[in-house]
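Please work through the exercises below with the sequence and the structure at hand. Each task is followed by a solution in steps.

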Amino acid sequence: MPELPIVDAHHHFWQYNAEEYGWISDSMSGLRRNFLPADLKKEISASGVSQVVSVQARQTLVETEWLLSLAEANPWIAGVVGWIPLTSSNAAAHLEHLSPHAKLKAIRHIVQDESDDNYILRPDFQAGIGQLERFRLAYDILIFERHLPQTIQFVDRFPHQTFVLDHIAKPKIKAHEIEPWRKNLRELARRPNVYCKISGMVTEADWKSWTFESLRPYFETVLGAFGPKRLMFGSDWPVLLAAGDYHSWLQTVMHVIEPLSEPERARILAGTAREAYRL
């Protein structure tokens, strides 16, 4: 396969402390340390990845500013998916403050952790989403598969907003369940303003025993639903390290897309991310 440009559309940086990263459990103890640009640069240099998109891990404005400062200092960080308080009446003011940062490409809220399964349909949340198009910002959708029906309703209210679905909506791969995730994902994919990241799959599978074959039905579903033009590669590093390593995950995705044409592979590896995030 010819060498093609690769953009990693989803990874995180953090300076670890137990209070702010309480979700890192004992089973993920290897993640209880700092992960900074120098660490990622080693991984991407060894794997032929030329650009990355840094995604928020904490819901603070301080982290958003920090990620933007890292992007300014490292040209290979092509974009940032930050956080602002979307439910705040000051959402527009926060966006105005951040708008001079050219590398701010999208906003994300960790909807999967909200106790209300209908959080994404809250009027105050949607009011915040309604501000994004004016600033030419995408919105990253982070949900579990059970949130897909609400997400379809949500997306339908913003037909001109660019959305990027993280981690293929986190299906129950470990339990080998594919429905109703498959049916709902296909329905969501009918909305042309929704892109999808091929990422986060191995941490939804059995961390110790996942195989390509165990992931195949989920790969086939997203390829069929979104097609190469709306799919993009993401590593989800360093969370990925709980169940694999950077190079192996990239090679798994390469194996999946090998039968596709060169232009189709180029879309998944770089073109889609560049389009969705205006890199």
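The exercises that follow concern a predicted model.

**Exercise 1.** Determine which residues of helix α6 are buried and where they lie around the axis.

*Solution.* Step 1: locate α6, which spans residues 181-189. Step 2: list its buried residues, namely W181, N184, L185, L188 and A189. Step 3: consider their directions; they cover an arc of only 140° around the axis, and therefore lie on the same side of α6.

**Exercise 2.** Describe how helix α1 packs against helix α8.

*Solution.* Step 1: take the axes of α1 (residues 37-47) and α8 (residues 246-257), which come within 10 Å and cross at roughly 40°. Step 2: classify the angle; because of it, α1 is oblique to α8. Step 3: assign the handedness, which is right-handed for this crossing. Step 4: name the partners: Y246, H247 and L250 of α8 meet L40, E43, I44 and S47 of α1. Step 5: sort the residues of this contact into 4 nonpolar, 2 polar and 1 charged.

**Exercise 3.** State whether Y246 is buried or exposed, and which residues it touches.

*Solution.* Step 3: leaving aside residues up to four places away in sequence, find what Y246 touches: D8, L40, E43, I44, S47, V49, F233, S235, W237 and L240.

Technical notes. Residues are numbered from 1 along each chain as its sequence is written. This is a predicted model: local features need pLDDT of at least 70, side-chain atom pairs count only at pLDDT 80 or more; totals for chains, interfaces and linings use all residues. Side-chain values use heavy atoms; hydrogens and water are left out. Buried means under 20% relative accessible area, exposed over 50%, partly exposed in between (1.4 Å probe, protein chains only). Helices (H or I, at least four residues) and strands (E, at least two) are DSSP runs, numbered from the N terminus. The arc is that of the directions from the helix axis to the C-beta atoms. Axes are lines fitted to C-alpha atoms, for helices over the stretch in contact, and angles run from 0 to 180 degrees between N-to-C directions. Angles under 35 degrees count as roughly parallel, over 145 as roughly antiparallel, 65 to 115 as roughly perpendicular and the rest as oblique. A crossing is left-handed if the near helix is turned anticlockwise from the far one by less than a right angle, and right-handed if clockwise. Contact means heavy atoms within 4.5 Å. Ala, Val, Leu, Ile, Met, Phe, Trp, Tyr, Cys and Pro count as nonpolar, Asp, Glu, Lys and Arg as charged, and the others, Gly among them, as polar.
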